[in-house]
Amino acid sequence: MATRLEAKFRRQAWTVEHARQAVLDRLRPAPTELVGLGDAIGRRLAEDVRTEEPIPRFRRSGMDGFAVRSEDIAQASPLAPVELKVVERIPCGEVPRQTIARGQAARIMTGGMVPDGADTVVMLEMTEEVTRGSGASVIIRRAVSEGANLSPIGEEAASGAVLLRRGERIGAGQAAVLAALGYSRVSVFRRPKVAILSTGTELLQVEEPLAAGKIRNSNAYMLAAQIMSAGGEPLFAGQVPDDAARAERMIYGLLSSDADLVIATGGVSVGDYDIMADFFLRWKGTTLFNKVAMRPGSPTSAGVWRDKFLLGLSGNPSACFVGFELFVRPVLLGMQGAAEPLPRPFAAYLDEDYRKVNAYPRYIRGSWHIRDGQCYVRPVGLDQSSAMLSIKEAACLIVIPPTKTGIGRGELVQAIPLEGAMFL
Ligand code: AMP
Ligand code: MG
């Protein structure tokens, strides 16, 4: 026991970058599945998507107006208007029947197929249509340069071009491309299933009335939201008291289930009842790290057993939240093929003094705003790992490097955006 206690205290702290890389190095992509296009929105593509046809596929009018030969109207002016014979009317979706010859034009609608012979579309507002006997003519009083208001074949993409990449998230633009290319079903990465196990004798279920010394389990639902926003599927595995044997049985059960990843919260610190810390010292899997040089959440732990990750996050709500963002979100994104699973920090000026001294970098919940064209960040709410209410106010994690004096207002810091965590 003494040696285990020692081991618990003598943990070696890994840098966030090193610890994260250790996890990413062992990452395995999730299996793929075919889903309907509507259900694919928000998912990640399992393969590159290329177009067989050029886009657009036919010469398309960008305006309501008249399709003409530009050379016919090259000399047109208010004093010398040009009159062309209207030989056809081309609604959207119809194929023109005639080739435009010299002195001719065709009435055309936006999105209509420009007839052969024509090389330009003159917008309706610049024309005047007149009746001439049984037919119609159009009067044009201005020259329009060749190719105006007309999208040539392949203007957006040549045939064979790769339009979407494996791992790309299907948002509005990607959904439009897939629909345009005829993908009624799309191959996407399966949503990683993430089991959430909460440990702590103090925990009550959400529906239970409060009792002395107890709190409701808020982490499980916070994590569920984070998992969903990262494309994963949360599995509520319930909660166990600080009973090592029960927790151990639960964890092996979850690691053997169809969950792709298991998160356990609580009990990773050095207290008497910190059962997860002991578990990581003696389990059958490989412990990757059990201490990270960061605040909050330094006892964050990670291991693998039979190719499945077990993440041990601190029970303190803010530490749990940060641990997920730094370690679990990149894993879930990586499993779904994301080319850049790591959050991309941005630089900003600290908008108030931060005087806490710290040996480890801090990831504090913050907000950002733009003032005079510069980006500023400032901490929000209570800056403690046990804080819960500040999480909902946070738009970024401000990275405070280790310092003996704190950081002054106006100094440049890095911040990690949290849009992904806040919105589904
Ligand atoms: P632990 O990581 O077990 O040392 O817990 C640290 C703090 O987080 C304690 O105050 C716990 O009561 C609290 N805590 C642990 N698990 C949860 C949870 N699931 N929801 C909310 N708070 C929790
Ligand atoms: Mg605990």
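Buried denotes a relative accessible area under 20%, exposed over 50%, and partly exposed in between (1.4 Å probe, protein chains only). The model is predicted: local features need pLDDT of at least 70, side-chain atom pairs count only at pLDDT 80 or more, and totals for chains, interfaces and linings use all residues. Residues are numbered from 1 along each chain as its sequence is written, and side-chain values use heavy atoms, with hydrogens and water left out.

**View 1. Salt bridge between Arg 57 and Glu 53.** A salt bridge is a side-chain nitrogen of Lys or Arg within 4 Å of a carboxyl oxygen of Asp or Glu. In this pair the closest N and O atoms are 3.0 Å apart. Glu 53 is partly exposed, at 37% relative accessibility, whereas Arg 57 is exposed, at 56%.

**View 2. Salt bridge between Asp 307 and Arg 28.** The model holds 20 salt bridges. In this one, the N to O distance is 3.4 Å. Asp 307 lies in the loop between strand E19 (301-305) and strand E20 (308-313), and Arg 28 in the loop between helix H2 (16-24) and strand E1 (32-36), so the pair ties together parts that are 279 residues apart in sequence. Helices (H or I, at least four residues) and strands (E, at least two) are DSSP runs, numbered from the N terminus.

**View 3. Salt bridge between Arg 409 and Asp 351.** The two side chains meet at 3.7 Å, N to O. Arg 409 belongs to the loop between strand E24 (396-400) and strand E25 (412-417), and Asp 351 to the loop between strand E21 (346-350) and strand E22 (362-371); the partners are 58 residues apart. Arg 409 is exposed, with 55% relative accessibility, while Asp 351 is buried, with 5%. Through shared partners, salt bridges join Asp 351, Glu 352, Arg 371, Arg 378 and Arg 409 into one network.

**View 4. The largest nonpolar core, with 46 residues.** A nonpolar core is a set of buried Ala, Val, Leu, Ile, Met, Phe, Trp, Tyr and Cys residues joined through side-chain atoms within 4.5 Å. Leu 261, Ile 263, Phe 289, Phe 327 and Leu 332 have the most contacts inside this core. Helix H8 (residues 317-335) gives the most to the core, with eleven residues. Domain 1 (2-31 + 191-335) and domain 4 (346-418) both give residues to the core, so it lies between them; domain bounds come from an automatic or database domain assignment.

Technical notes. Chains lettered and ligands numbered in written order.
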